[in-house]
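Dear colleague,

I am passing on the structure we spoke about, and would be glad if you could look through it alongside the notes below.

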Amino acid sequence: MKCGYSTSVPFERFIGHCSEPVKNVVEKGAVRKFAEAIGDPNPLYVDEEAAGTSRYGGLIAPPTFPRTFEYGEVEGLGPPGQGYIHGEHRICYERPLFVGEEVSCYVEVTDYYEKEGREGPMGFLISERVGESPEGERIFTMVDTAVLTPAMRENFGL
Amino acid sequence: MSVPKPAWNVGDELESRTLPPVTRLQLIKYAGASGDYNPIHTVDEAAEEAGLGGVIAHGMLTAATMGLPFSPYLEHGYIRELEVRFSGMVYVGDEVTIGGHVSEREDSEEGCVYTFEVYASNGESTVASGTVSFLVFEGPCS
């Protein structure tokens with residue numbers, strides 16, 4: 001065991017655990033509201049007519065929109081990383097995400113580790129969120145690092 | 001088509017942009033649109049309890065902002081990958097500057113994939129940095 005790593009971290013037992021998939025629909029109104037909130041009302045996100053004549057043949061969603069989906073809860077943990085400090089975010093698309101389509105979403109806890117920080121041990125919870133078409137074709141993969149401060153760890157009884 | 005198909009070279013800089021000061025209303029709107037109602041982004045007391053000097057912007061709002069420079073080219077391609085590391089807080093009143101440069105470009109089956117190193121800064125320090133891979137459909141990298 002390396003220095004600074006704890007041997008008894010309850011979070012570790014969630015590694016490899018997934019939520020049950022949740023059905024989401026990319027709603028036109030939700031995309032418009034989101035595009036406006038991020039200050040990017042691109043016609044391809046909000047104007048059906050303009051999007052219809054584009055190469056996409058219809059409206060698409062902004063790159064960070066999948067953050068708004070429901071991914072379900074990992075039993076015993078809830079939605080991984082929610083309410084923690086957001087350390088890193090990565091999203092990778094296989095293709096654009098279309099307005100109106102149905103996306104099946106789930107989340108998996110892929111790692112948890114601790115490092116010694118200035119004010120005590122810091123926890124890092126890595127989760128992977130996946131969006132698939134109803135046919136099972138992957139649309140996007142999202143990886144988030146949630147950071148737990150020493151105070152947050154204490155709240156969890158770590 | 002309103003904007004010509006882009007062709008960047010490695011080393012090309014994105015024109016940096018400074019956005020209007022972050023407002024509380026903007027954070028309330030983003031909370032509603034994203035479903036992220038963590039009160040440290042909207043309620044002063046909650047932010048103080050969390051040891052912050054005031055409400056802070058959602059990290060994912062800053063991440064979305066880092067995609068703005070690519071929006072004009074959306075008719076020619078899209079962001080295939082966005083990777084962001086959060087390194088600082090954005091407070092109400094902060095003016096966030098975003099920018100970046102092309103670090104790599106590569107032909108793929110679908111077109112040319114440009115990789116950009118991107119950043120967001122609040123004037124004093126970098127609040128987020130990362131990479132954007134932007135796919136321009138059709139044709140090899142020119």
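Predicted model: local features only at pLDDT ≥ 70, side-chain atom pairs only at ≥ 80, totals over all residues.

Residues are numbered from 1 along each chain as its sequence is written, chains are lettered from A and ligands numbered from 1 in the order in which they are written, and side-chain values use heavy atoms, with hydrogens and water left out.

Chain B contains three helices and five strands, where helices (H or I, at least four residues) and strands (E, at least two) are DSSP runs numbered from the N terminus. Their order from the N terminus is β-α-α-α-β-β-β-β. Of the 142 residues in chain B, 51% are buried, buried being under 20% relative accessible area, exposed over 50% and partly exposed in between, with a 1.4 Å probe and protein chains only.

On the surface, B:Glu104, B:Glu106, B:Asp107 and B:Glu117 form a patch of negative charge; such patches take residues with over 30% relative accessible area and no salt bridge, and join like charges within 9 Å. Strand 3 of chain B (residues 97-107) contributes the most to this patch, with three residues. B:Asp107 lies in that strand and counts as partly exposed because its relative accessibility is 47%.

B:His101 also lies in strand 3 of chain B. Although B:His101 and B:Gly11 are 90 residues apart in sequence, their C-alpha atoms are 5.9 Å apart. Beyond its neighbours within four places in sequence, the contacts of B:His101 (heavy atoms within 4.5 Å) include B:Gly11, B:Asp12 and B:Phe116.

Over all chains, the structure holds nine salt bridges, each a side-chain nitrogen of Lys or Arg within 4 Å of a carboxyl oxygen of Asp or Glu. One of them joins B:Asp44 and B:Arg24, at 2.9 Å from N to O. B:Asp44 lies in helix 2 (residues 44-49) and B:Arg24 in helix 1 (residues 24-34) of chain B, so this pair ties together parts that are 20 residues apart in sequence. Another links B:Glu110 with B:Arg80, with the closest N and O atoms 3.1 Å apart; here B:Glu110 is in the loop between strand 3 and strand 4 of chain B, and B:Arg80 is in strand 2, 30 residues apart. In chain A, a network of salt bridges links A:Arg67, A:Arg129 and A:Asp144.

With best wishes

Methods
Patch = residues over 30% accessible without salt bridge, like charges linked within 9 Å, V, L, I, M, F, W, Y side chains within 5 Å. Areas by Shrake-Rupley, 256 points an atom, 1.4 Å probe, with all protein chains shown as cover. Lys, Arg positive; Asp, Glu negative; His and termini not counted. Charge placed at Lys NZ, Arg CZ, Asp CG, Glu CD.
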